[in-house]
Amino acid sequence: MEQAMIIVNPTSGKEEGAGYVQLALDILEEQGYAVTVMKTQQEGDATLFSTAACEQGYGLVVSIGGDGTLHEVINGLSGAPQCPKLGVIPLGTVNDFARQSGYPWFRKKPSARLPPPPSAQSMSDG
C-alpha cells in the first residue's frame, strides 16, 4: 500500500486547518493510501516533515495550510532523489500559489487538489 503524508498547519485559515484533515484522509484512504498526519507547531516543521517523507519513500505529500506552509513543504521536497507527488489544500489568508496556479479556490470552502490514485496514469506518464 502506498503511503501518503498530510502536513497541516492547524492555525491556517483562521485555525481551520485541522478541520480539513478529515476531508483529505477520506479522499486518500478511498484511493488506497496509508496516511500519516503531521501537524506543524513551529517554523521549519513542514520542511522537516516533507524531507522525512522523501527519505521514507512516501508516494504523496499533501500540504494543508497557507503559502508559508506550502513553501516549507516544497523546500523539503526539492532536491530529493525520490520526490513524492504533491497535493495542496490552500487555507491561508492570501493563497498566492492557489490564485496564480489556477487552483479551484473558495474563501469559505477550499477544494482539495490531489493527484490521482496510485493505480491511475498521471499526466506526466502519458
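**Notebook: buried spots, helices and cores**

**Entry 1: glycine 87**

I began with glycine 87, which counts as buried at 0% relative accessibility. (Buried means under 20% relative accessible area, exposed means over 50%, and partly exposed is in between, with a 1.4 Å probe and protein chains only.) I noted that this is a predicted model, in which local features need pLDDT of at least 70, side-chain atom pairs count only at pLDDT 80 or more, and totals for chains, interfaces and linings use all residues. Residues are numbered from 1 along each chain as its sequence is written, and side-chain values use heavy atoms, with hydrogens and water left out.

Glycine 87 lies in strand β4, residues 85–90. The C-alpha atoms of glycine 87 and serine 63 are 6.2 Å apart, although 24 residues separate the two in sequence.

**Entry 2: the whole chain**

I counted 5 helices and 4 strands in the chain. In sequence order they run β-α-α-β-α-β-α-β-α. Of the 126 residues, 42% are buried. I also checked contacts (heavy atoms within 4.5 Å). Taking those between residues at least 6 apart in sequence, 70% join residues at least 24 apart.

**Entry 3: the cores**

Which residues have the most contacts inside the largest nonpolar core? I found Ile6, Leu28, Leu60, Val62, Ile64 and Ile89, in a core of 14 residues. (A nonpolar core is a set of buried Ala, Val, Leu, Ile, Met, Phe, Trp, Tyr and Cys residues joined through side-chain atoms within 4.5 Å.) Two or more residues come from each of β1 (3–8), α2 (21–30) and β3 (60–65). Helix α2 gives the largest share, 4 residues.

**Entry 4: helix α3 and serine 50**

Next I turned to helix α3, residues 45–55, which holds serine 50. Is serine 50 buried or exposed? Serine 50 is buried, because its relative accessible area is 0%.

I listed the buried residues of α3: Asp45, Ala46, Phe49, Ser50, Ala52, Ala53 and Cys54. They pack against β1, β2 (34–39), β3 and α4.

**Entry 5: α3 against α4**

I looked at how α3 meets helix α4, residues 67–77. Their axes come within 7 Å and cross at roughly 35 degrees. (Axes are lines fitted to C-alpha atoms, for helices over the stretch in contact, with angles from 0 to 180 degrees between N-to-C directions.) On the α3 side, the contact is made by Asp45, Ala46, Thr47, Ser50, Thr51 and Cys54. On the α4 side, I found Thr69, Glu72, Val73, Asn75, Gly76 and Leu77.

**Entry 6: after α3**

Glycine 57 follows α3, and its phi is positive, near 80 degrees. Glycine 59 sits in the loop between α3 and β3. It counts as buried, at 8% relative accessibility. I compared glycine 59 with methionine 5, which is 54 residues away along the chain. Their C-alpha atoms are separated by 8.4 Å. Apart from residues up to four places away in sequence, glycine 59 touches Glu2, Gln3, Pro84 and Lys85.

**Entry 7: methionine 38**

Methionine 38 is in strand β2. I read its relative accessibility as 26%, so methionine 38 counts as partly exposed. Its contacts, leaving aside neighbours within four places in sequence, are Met5, Ile6, Ile7, Val8 and Phe49. I also checked valine 21, 17 residues away along the chain. The C-alpha atoms of methionine 38 and valine 21 are separated by 10.0 Å.

**Entry 8: serine 12**

I finished with serine 12, in helix α1, residues 12–15. Serine 12 counts as buried, at 8% relative accessibility. A polar atom of its side chain lies 3.4 Å from the backbone nitrogen of glycine 66. Not counting residues up to four places away in sequence, serine 12 touches Gly17, Gly65, Gly66, Thr69 and Leu91.

Terms used: Polar contact = N/O pair within 3.5 Å; in protein donor to acceptor, adjacent residues only side chain to side chain.
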